[in-house]
Amino acid sequence: MFIRNCTMAAVLAVALAGCQTAAEAPTTASGKPEVTIRAPTAAIKARLVSLAMDKRFNVTKDTEYLLQVEKPSENFGAVLLMGSKYDGIPAERIVFTFAPIGDTTRVVAAGMFVTNPGSAFERITPVNGGEGAIRTQQTLDGLKLSMEAPPPAPAAAPVAAARKPAKPTT
């Protein structure tokens, strides 16, 4: 009976593995989502923090060259596979690294699932490809476009009236 159950589990695992598509890493120099933006690091960080808060991420670390955001995972598969007795819900973490180069800043993002987040027993599972990396790359591309777009032309000031104000009648 035990051998039959193990055999069924092995056959099921092989069948499911055959259905899985390979997660491709982005075609960037680092193999991770990245972009170079013509803007100072502080301005990029401010925009990334705002975007992260919109997606319910919290800032957990901020240094001169690094911004780390995370939130509890809502991914059922991640909870099932990466939860532990200590903490049943892993965290989704994104670490942005900044490299100022002249008047541009290179931003590299690393996504990961973290088992036992915030403890001495953290286990990190990198996510180097797949849907999450694609979404992160799209977010960085959108950020670049919005930050490098030329500012809108100032509206023409209304022409002041050329006539003199009327004198009060007494």
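**Notebook: strand S5 and its partners**

I began with strand S1 (residues 34–37), which runs antiparallel to S5 and is joined to S5 by four bridges. Two strands count as paired if DSSP finds at least two bridges between them. Threonine 36 has arginine 106 of S5 as its bridge partner.

I noted the ground rules next. This is a predicted model, where local features need pLDDT of at least 70 and side-chain atom pairs count only at pLDDT 80 or more, while totals for chains, interfaces and linings use all residues. Residues are numbered from 1 along each chain as its sequence is written, and side-chain values use heavy atoms, with hydrogens and water left out.

Then I looked up the elements. The protein has four helices and six strands. Helices (H or I, at least four residues) and strands (E, at least two) are DSSP runs, numbered from the N terminus. I read their order from the N terminus as α-β-α-β-β-α-β-β-β-α.

Back to S5. Is strand S5 mostly covered or mostly uncovered? S5 (residues 104–115) is mostly covered, with ten of its twelve residues buried. Buried means under 20% relative accessible area (1.4 Å probe, protein chains only). Of the 170 residues of the protein, 29% count as buried.

I checked strand S4 (residues 91–101) too. S4 pairs with S5 over eleven bridges, in the antiparallel sense. The hairpin of S4 and S5 has two residues between the strands, and glycine 102 takes a positive phi near 65° there.

Last, I followed valine 114 of S5. Alanine 91 has valine 114 as its bridge partner. In S6, valine 114 has isoleucine 124 as its partner. Five bridges join S5 to strand S6 (residues 123–127), and these two run antiparallel.

Terms used:
Buried means under 20% relative accessible area, exposed over 50%, partly exposed in between (1.4 Å probe, protein chains only).
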